[in-house]
Amino acid sequence: MRIHSVTLYHVRMPLVATFATSTHSRDQRDALIVEVRDTDGYIGWGEVVAGFAPHYSPETTITAEHVLADFLIPALFDGPVHHPGDFLDRVAWVRNHNMAKAGLEMALWDLYGKRLGRSLRDLLGGTRERVPVGVSVGLQESPQALVQVVAAYLEQGYRRIKLKIKPGQDVMFVRAVREAFPDVPLQVDANSAYDLETARTALRPLDDMNLLLIEQPLAYDDLWDHHKLQKEFRTPICLDESITSAEKARKAMEMDAARVINIKVGRVGGLTEAVRIHDLAAANKVPVWSGGMLETGIGRAANLALASLPNFRLPGDISATDRYYRLDITHERFALNDDGTITVPQGPGLGVRVNREALAFYTLHSMSYYAE
Ligand code: OSB
Ligand code: MG
């Protein structure tokens, strides 16, 4: 593949419902959409999931734009790309900025698949046509309000519920949901809101609520304290923020800091690295599942393809499009099947078509870069 040009679109999209985590609350989402065009006229799309503010990871939409424009895109123009992974080797010197790398790599995978007429699912080694999904429920004002929101999602057909928690909004809220729905597969996500001391006491009652896992209770870059916490809990500790590479995943598994791993393409620097973590976790008998970053149809298609790999053994945070956006930037909208799954796109590459009118509608600014 010889790359002709890259266009970056900074989009801001209103969310259907406010989404609150322990770190912040948002009613709109920023993203950087990446369009790569090769010299034969094929087009690939990618999504950078960094947010407006660095609440979840150190990156933001604007840092990603900077790193793409000044380092990653020039490296891409440096010579032909035989495989999406090639490009990542070329920019291995760029430290971190995983979400920027992942967005461009995703566009290269889409382009690569379209050129070969093969779906991303096939290219990655996916084995399923539909994948089990759940819903990640943001913080609510009261336990009663939370139970109502959960009831509505169960009514829609979601089979697994994840509850966001933070100090002061944890045990009482989770207990209310557990008592209302004794059998529903349930898990919690603290987005790093606790330290070891508070977690070991405040979260103790959760260990008796039959949860699938407790996600990232401690610091966003920590492994060791999660290991110490795991020693005191029966419920598996799952890491999200802390796992930024296959190397980190290896260390976490070696020290028993992650009995389950949440994989997000952006956080780990791309699909190639995500598959590496999947394989490593499988070898260690550690189940993985797909996290979500409130993606548009582009990133959602990539998550579905990835989640079709065999060691994605827990339902993903990949909900239907109508849970996020009234108007998405892909023509395809993802819907929940009767069995609590979403169907993996079949078409070449990501298998979605971008709605350019919708993209233009949401774009704050865009910039194109051309190879010499
Ligand atoms: O921690 O999993 C998280 C959204 C933004 C940032 C972090 C997280 C999330 C979610 C949303 O939980 C999952 C989804 O896309 O539905
Ligand atoms: Mg999380």
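How much space lies in the largest pocket? In this predicted model, the largest pocket holds about 550 Å³ of space. Its lining is made up of 35 residues, and those closest to its centre are His-24, Arg-26, Tyr-56, Met-293 and Leu-294.

Three strands each contribute at least two residues to the lining of the largest pocket: S1 (3–20), S2 (25–38) and S6 (161–164). Of the contributors, S2 gives the most, with 5 residues. Domain 1 (3–117 + 355–370) and domain 2 (122–343) each supply at least three residues to the lining of the largest pocket.

The second largest pocket contains about 250 Å³ of space. It is lined by 14 residues, and Leu-88, Ala-92, Gly-269, Glu-273 and Arg-276 are the closest to its centre. Here the elements that provide two or more lining residues are helices: H2 (84–90), H3 (98–116) and H11 (271–283). The second largest pocket lies between domain 1 (3–117 + 355–370) and domain 2 (122–343), because both domains give residues to its lining.

Conventions: Residues are numbered from 1 along each chain as its sequence is written. Chains are lettered from A and ligands numbered from 1 in the order in which they are written. This is a predicted model: local features need pLDDT of at least 70, side-chain atom pairs count only at pLDDT 80 or more; totals for chains, interfaces and linings use all residues. Side-chain values use heavy atoms; hydrogens and water are left out. On a 1 Å grid over the protein atoms alone, a cavity is a set of points where a 1.4 Å probe fits but cannot get out, and a pocket is an open set with protein on both sides within 12 Å along at least five of seven lines; lining residues have an atom within 4 Å of a point. Grid points are joined across faces, edges and corners, and a volume is the space filled by probe spheres set on the points. Helices (H or I, at least four residues) and strands (E, at least two) are DSSP runs, numbered from the N terminus. Domain bounds come from an automatic or database domain assignment.
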